[in-house]
Amino acid sequence: MSAGGGTKAIIAALVANAGIAAAKFAGYLITGSSSMLAESVHSLADTSNQGLLLLGQKTSQRKATRTHPFGFGRDRYFYSFIVALMLFTLGSVFALWEGVHKITEPEDLTSPLVAVGILVVAIGLECYSFYTAIQESKKIKGDAGWWAFIRQAKTPELPVVLLEDAGALLGLIFALAGVGLSVLTGDPVWDGIGTVTIGVLLGVIAIILIIEMKSLLIGEGATESDLDVIVDELAAGKVERVIHIRTLYIGPDEMLVAAKLALVPGLETADIAQAIDDAEARVRAKVPTAKLIYLEPDLDRALA
């Protein structure tokens, strides 16, 4: 995927979250709702996270150096991993701490209708951000389901924004439920329960993101479908068989392919070089992300 779609979704989320964070914090100062405070911290963390994702996209575009000959494409994985950690620490842990505090020492809400109004507006803004992320993701996810897309995507930004926005929407609903039940029952402990629920939700999302971003950061190879295509394209022309192959994403848009090939016996040096060039061209035509290809002709010792 190009960075453009991811950037559009990130900017939409950043603008929405910045406005929501300011509104929620104002609502907390007016109402004293712990759910509102937890949600304001959540939105503030999300806003910072979008900034980190944009920073990762920027730094990943640096040119390769002698110490980093494959470039800096994995910066996008690194900053996405930091985003997951921030979501856990600033979002989940704070919400759990604040929720437990409000349950053990409940405080009456003031001006709860203000909180309800702010939460309703925030839900509308989050729906806009979530819709943008969904539309941008549809362009690249193909026939894969949403869970499969999150698990298999090599581009980190859209899965991060999707899960963040989904968590934000659910968190807003939990906050609205907590405030609403506190008003209906006259018991402010419901506000604390809503806050704890937000903390648990953010923790689950953060753990999922941490696992997925860690996998990308330490290195993932081609998907099974792409690997099958690569092997089929290599084993054509004057190539009899792929003896050995390894693939590795060195960035979201760049994959390394290294393989040993068994060629038709008796080829001259010039024919061997042409067979290798042809194999590289076939792979790049079918899998554009395979930008770095290193192929080595070798003896097929399995048939010796």
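These legends describe close-up views of a predicted model.

Residue numbers start from 1 along each chain as its sequence is written, and side-chain values use heavy atoms, without hydrogens or water. In this predicted model, local features need pLDDT of at least 70 and side-chain atom pairs count only at pLDDT 80 or more, while totals for chains, interfaces and linings use all residues.

**View 1. Two domains of the chain.** The assignment gives domain 1 (2-218) and domain 2 (224-297); such bounds come from an automatic or database domain assignment. Their centres, taken over C-alpha atoms, lie 41 Å apart. Domain 1 brings 8 residues to the contact and domain 2 brings 9, with contact meaning heavy atoms within 4.5 Å.

**View 2. The interface between domain 1 and domain 2.** About 790 Å² is buried here, and carbon and sulfur atoms give 59% of that area. Buried area is the accessible area (1.4 Å probe) that two parts lose on being put together, summed over both. On the domain 1 side, Phe-70, Arg-74 and Lys-154 lose the most area to domain 2, together 59% of what that side buries.

**View 3. The salt bridge of Arg-76 and Asp-253.** The two side chains meet at 3.2 Å, N to O. A salt bridge needs a side-chain nitrogen of Lys or Arg within 4 Å of a carboxyl oxygen of Asp or Glu. Across the interface of domain 1 and domain 2, the rule finds 1 salt bridge.

**View 4. Two annotated segments.** The unreviewed UniProt entry lists "transmembrane region" for several stretches, including residues 77-97 and 160-183; such annotations may be inferred rather than shown by experiment. Residues 77-97 are 100% helix and 0% strand, with end C-alpha atoms 29 Å apart. Residues 160-183 are also 100% helix and 0% strand, and their end C-alpha atoms are 34 Å apart. Helices are DSSP runs (H or I, at least four residues), as are strands (E, at least two).
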